[in-house]
Amino acid sequence: MRLPLLLALALPLALAIPARADVAEAIRDHVLPGHARLTEATAALAASESCVPDDLRPLWHDAFDAWLGVAHLRLGPVEEEGRALAIAFWPDPKGIGAKQQRALLAKADPAVLTPENFARQSVALRGLFALERLLWPTEAWTGDYPCALIHATADDLAATAQAVQAGWENGFADSLLHPGPGLRYLTEAETRQALFTTLITGLEFNADQRLGRPLGSFDKPRSERAEARVSGRSLRNIALSLMALRDLAHTLHADLPRSDAGFATALQQIDRMQDPALQGVAEPQGWLKADILAQQIRAIRDAALAEIGPALGVGIGFNAADGD
């Protein structure tokens with residue numbers, strides 16, 4: 001689906017947001033459906049028997065789209081056993097994933113590819129970015145092992161997504177809905193703070209990482225650092241993340257004129273940029289457009305802090321993404 005069409009489809013959804021909003025609505029209308037979509041999309045990818053990149057790429061894109069609907073929810077089951085990194089190991093500034101994958105392909109050990117063994121491999125060898133390297137290869141690999149590795153990686157990704165969904169449905173959602181003494185969350189304020197923190201850090205991740213890394217500096221842009229550059233979806237990731245964060249914001253608090261205006265401005269900027277892989281940052285005009293987008297996203301963060309935090313009676317707490 002083309003990015004402008006995605007942006008157009010997002011508008012009616014934003015207008016249909018109900019007036020009432022809080023933790024229960026966030027879980028019911030945002031968290032659980034989002035994880036169900038991720039499980040469904042990754043299962044469809046794993047179910048494919050093809051090893052032809054052209055067959056698998058649309059399914060991989062669907063899975064990545066679904067991940068962006070929940071990638072900001074860095075709490076609970078996704079943080080257990082390193083699952084967030086097992087789904088999406090990025091940034092990877094030292095190229096660890098590519099090095100480990102290259103070594104695995106050279107060794108071609110079939111024992112590594114059993115579900116039990118593959119789940120114990122480095123997170124850099126797993127997930128969406130491992131599959132991106134396999135589906136958009138930079139080296140020519142022969143034999144049956146690359147195909148087997150694709151299927152093992154897809155199966156592992158689907159199992160990880162299913163485990164995260166099960167964790168939410170079988171205890172973690174309830175811990176947010178029913179806080180109390182001796183439990184994970186002591187008060188309703190803590191649960192609101194946890195979800196609000198995921199919103200703010202999600203916005204910051206888009207500005208500081210998805211844009212900040214390829215921006216580098218004006219004198220030294222780093223276009224090669226763009227997320228999912230090889231598959232050409234760096235800007236799409238930011239757009240889908242912003243849509244998901246807007247959805248979360250409205251499940252926490254419905255009346256958000258400043259935040260909504262900020263989201264609209266940023267999404268319009270994305271639509272104007274026409275730079276799918278953010279390679280335009282290598283040129284001054286492209287760099288300035290991306291930097292403006294980063295500033296617009298930080299303005300959304302400031303608006304959300306002013307509109308949502310006081311309404312919920314909370315500030316920002318610690319988040320697992322802090323320090324990334």
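Where is the place of alanine 108? In this predicted model, alanine 108 lies in the loop between H5 and helix H6 (115-118). Its phi is near 55°, a positive value in a residue other than glycine. Most residues other than glycine have a negative phi, and most peptide bonds are trans. A cis peptide bond, with omega near 0°, runs from tryptophan 90 to proline 91. Proline 91 belongs to the loop between helix H4 (83-87) and helix H5 (96-107). Helices (H or I, at least four residues) and strands (E, at least two) are DSSP runs, numbered from the N terminus.

Residues are numbered from 1 along each chain as its sequence is written, and side-chain values use heavy atoms, with hydrogens and water left out. As the model is predicted, local features need pLDDT of at least 70 and side-chain atom pairs count only at pLDDT 80 or more, whereas totals for chains, interfaces and linings use all residues.

The UniProt annotation "domain: Imelysin-like", from an unreviewed entry, covers residues 37-300. UniProt positions are given in the numbering used here, feature names are shortened, and annotations may be inferred rather than shown by experiment. Over residues 37-300 the chain is 65% helix and 0% strand, and the end C-alpha atoms of this stretch are 26 Å apart.

The expected span of a helix is 1.5 Å times one less than its number of residues. The bend at a residue is the angle between axes fitted to the seven residues ending there and the seven starting there. Helix H2 (residues 23-47) has 25 residues and reaches 34 Å from its first C-alpha to its last, close to the expected 36 Å. H2 carries a kink of about 25° at valine 31, shortly before proline 33. For the 33 residues of H8, a span of 48 Å should result at 1.5 Å a residue, and the 46 Å between its end C-alpha atoms agrees. A kink of about 50° in H8 is centred on glutamate 169. Helix H12 (residues 284-312) has 29 residues that should span 42 Å, in agreement with the 41 Å between its end C-alpha atoms. H12 bends by about 30° at leucine 305 and is followed by glycine 313, whose phi is positive, near 75°.

Helix packing is described by axes, which are lines fitted to C-alpha atoms, for helices over the stretch in contact, with angles from 0 to 180 degrees between N-to-C directions. H2 and helix H8 (residues 145-177) pack at about 165°, with their axes 8 Å apart. H2 and H8 are therefore roughly antiparallel to each other (under 35 degrees counts as roughly parallel, over 145 as roughly antiparallel, 65 to 115 as roughly perpendicular and the rest as oblique). H2 passes H8 in a left-handed crossing, a term used if the near helix is turned anticlockwise from the far one by less than a right angle, and right-handed if clockwise.

Helix H3 (residues 53-68) and helix H7 (residues 127-135) pack at an angle of about 160°, with axes 11 Å apart. Their contact (heavy atoms within 4.5 Å) involves residues including Trp60, Phe64 and Trp67 of H3 and Phe129 and Leu131 of H7. Helix H10 (residues 234-252) and helix H11 (residues 257-273) pack at about 165°, with axes 10 Å apart, and their crossing is left-handed.
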